[in-house]
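Reader: I'd like to go through this one with you, bit by bit. Could you show me the sequence and the structure before we start?

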Amino acid sequence: MKKIEEQLNKTLDVFEHTKFGSPYKGKVRDVYDLGDKLLMITSDRVSAFDRVLSTIPFKGEILNRVANFWFEKTGNEIPNHVIDTPDPQVLIAKKTKPLPVEIIVRGYITGSLWRDYKQGTHTKYDISFPQNMVKDQKFDKPIITPTTKAEYGKHDEAISKKEIINGLVNLDVYEKAERYALRLFELGQAWAEKKGLILVDTKYEFGMVDGELILVDEVHTPDSSRYWIASGYEERFSKGISQKMLDKENIRKWLLERGYSGEGKPPVISDEIRVQLSERYIELYNKLTGNDFNIQTGLVKERILNNLIKAGYLK
């Protein structure tokens, strides 16, 4: 915890450098166009309900390391955009034409989908749901609930497959993306089970390059995915108790408990909460990869600049 506290004032909020021009700024990533490829910087920003709230020590490094862990593990089956990783928080990626939708695969009914189900608004996906489902209940088989891909500061919106293929994405391309997503989820769930975790749900993004569909952005990270501790799931489910989480849902839950769900001014994220969230991210990394996260304190931007120079991307 001491090292995490030391890092509180050294996190990366925004990465900017005059050589690279102006970035496309997402909720977490700062992306620079290098002409034939992209420079993607994973910041330490934490967002919830499409609002950037603060920074979390080591978050960007953990996200990038987990994503690269999965890119390497699945690359032989599902092509992806990785070219180089000159720094733990940097990815040099292929430039693609992104699909304008995110494919969300869910193994359990929880989170926003559970809230939609209770309110009766889950019908917007135009898929059938079992009746009388209970929070955190497992689906007989994973379902896909796609969303639009909103610009920074705006909300993603639920969308049906029919709406997607009616002008947004070619049918063959979209169905291939669905197959890729379901296969990735299958691999992710199997691996998580071995590590005492449950991969509950996740989102995937895809893009086209030279006529090929490839996986982009991130994969199975604690920002894009929901992970539960497997031991105790059945007991907690039977008692209606919330599951033990190792992902960004912890901050969403904290906000909801304080009456915030995206509208108005969010509560201030204290340093204590920032440290606790960092601990959850580190715990997830250790459990998922089987490696111990090597905590190295220091100014993140300086380290990134030095590594970009060493790799020849800066002079």
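Predicted model: local features only at pLDDT ≥ 70, side-chain atom pairs only at ≥ 80, totals over all residues.

Reader: Okay, sheet first. In what order do the five strands of the open sheet come?

Author: Strands here are DSSP runs of E with at least two residues, helices are runs of H or I with at least four, and both are numbered from the N terminus. Two strands pair if DSSP finds at least two bridges between them. The pairing in this open sheet is antiparallel, and the order is β1-β2-β3-β7-β6.

Reader: Which strands are the edge strands?

Author: Look for the strands that each pair on one side only. Those edge strands are β1 and β6 (82-87).

Reader: What does leucine 38 stand opposite in β7?

Author: β3 and β7 (residues 90-94) run antiparallel, joined by five bridges. One of the pairs there is leucine 39 with isoleucine 92. As for leucine 38, the residue opposite is alanine 93.

Reader: Why is β3 described as largely enclosed, and how many of its residues are buried?

Author: Buried means under 20% relative accessible area, exposed means over 50%, and partly exposed is in between (1.4 Å probe, protein chains only). In β2, four of the five residues are buried, so that strand is largely enclosed by the rest of the structure. β3 is largely enclosed too, because its buried residues number five of the six.

Reader: Now the helices. How far does α5 reach from its first C-alpha to its last?

Author: The expected span of a helix is 1.5 Å times one less than its number of residues. α5 (residues 171-194) has 24 residues, and 34 Å is expected. The model comes close to that, with a reach of 35 Å.

Reader: Which residue caps the N-terminal end of α5?

Author: The cap has a side-chain oxygen 2.9 Å from the backbone nitrogen of aspartate 172. That oxygen belongs to asparagine 170.

Reader: How far apart in space are alanine 181 and lysine 203?

Author: Alanine 181 is in helix α5, and it's buried, with a relative accessible area of 0%. Along the sequence, alanine 181 and lysine 203 are 22 residues apart. From C-alpha to C-alpha, the distance is 8.4 Å.

Reader: Which glycine follows α8?

Author: α8 (residues 271-289) has 19 residues that should span 27 Å, and its end C-alpha atoms are 27 Å apart, which agrees. Its buried residues include Ile273, Leu277 and Tyr281. After the helix comes a residue with a positive phi, near 80 degrees: glycine 290.

Reader: Is aspartate 217 buried or exposed?

Author: Aspartate 217 has a positive phi of about 75 degrees although it is not a glycine, and it's in the loop between β13 and β14 (225-229). Aspartate 210 has a positive phi too, about 50 degrees, but that one is exposed, at 82% relative accessible area. With 15% relative accessibility, aspartate 217 counts as buried.

Reader: Last one: what is the volume of the largest cavity?

Author: On a 1 Å grid over the protein atoms alone, a cavity is a set of points where a 1.4 Å probe fits but cannot get out, and lining residues have an atom within 4 Å of a point. Grid points are joined across faces, edges and corners, and a volume is the space filled by probe spheres set on the points. Among the lining residues are Gln7, Phe58 and Arg303. The volume is about 40 Å³.

Methods. Residues numbered from 1 in each chain as written. Heavy atoms only, no water. 1 Å grid on protein atoms, 1.4 Å probe; cavity = no way out; pocket = protein on both sides within 12 Å on 5 of 7 lines; lining within 4 Å. Polar contact = N/O pair within 3.5 Å; in protein donor to acceptor, adjacent residues only side chain to side chain.
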